[in-house]
Amino acid sequence: MHSVEKALSLGMGMLSAALAASLFKRAWTMASGEEDAPDAGDLERGWAEILVAAALQGAIFGLVKAAVHRAGAQTFHRRAVRSGGKG
């Protein structure tokens, strides 16, 4: 992987993390009516609420990461094919 591709990959990773965090905050607010998701160390929240928030957050982050990674892989593949496989 060339340095430009590495930089783009890093940038896309950071952008996808920000997107996932925003989506999770929105989803949590819609699901619970609260703006802030519970933190695992918040002893005032119950186990169920903590685990549901963690599962939702993991699902959203995993989905966004997979979508961004897949789009990047397809883009780099198309670029390599167009340039005769020399990447």
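Guide: Let's start with Thr29, which lies in helix H1; helices here are DSSP runs of H or I, at least four residues, numbered from the N terminus. This is a predicted model, where local features need pLDDT of at least 70, side-chain atom pairs count only at pLDDT 80 or more, and totals for chains, interfaces and linings use all residues. Residues are numbered from 1 along each chain as its sequence is written, and side-chain values use heavy atoms, with hydrogens and water left out.

Visitor: Why is Thr29 called partly exposed?

Guide: Buried means under 20% relative accessible area, exposed means over 50%, and partly exposed is in between (1.4 Å probe, protein chains only). Thr29 has a relative accessible area of 30%, so it counts as partly exposed.

Visitor: What is Thr29 in contact with, leaving aside neighbours within four places in sequence?

Guide: Glu34 and Glu35 are in contact with Thr29, where contact means heavy atoms within 4.5 Å.

Visitor: What makes Phe24 and Trp28 an aromatic pair, and why is it called tilted?

Guide: Rings of Phe, Tyr and Trp (its six-membered ring) pair if their centres lie within 6.5 Å; planes under 30 degrees apart are stacked, over 60 edge-to-face, and the rest tilted. Phe24 and Trp28 sit 6.4 Å apart centre to centre with 35° between the planes, so they pair and the pair is tilted. Both residues lie in helix H1, 4 residues apart, about one turn of the helix. Phe24 and Trp28 are also buried.

Visitor: Which residues make up the largest nonpolar core?

Guide: There are 6 of them: Ala20, Phe24, Trp28, Ala53, Ile60 and Val64. A nonpolar core is a set of buried Ala, Val, Leu, Ile, Met, Phe, Trp, Tyr and Cys residues joined through side-chain atoms within 4.5 Å. Helix H1 (3-32) and helix H2 (47-82) each give two or more residues to this core. Ile60, for one, touches Ala20, Leu23, Phe24 and Ala27, not counting residues up to four places away in sequence.

Visitor: Which residues of H2 are buried, and what do they pack against?

Guide: Ile50, Ala53, Ile60 and Val64 are the buried ones, and they pack against H1.
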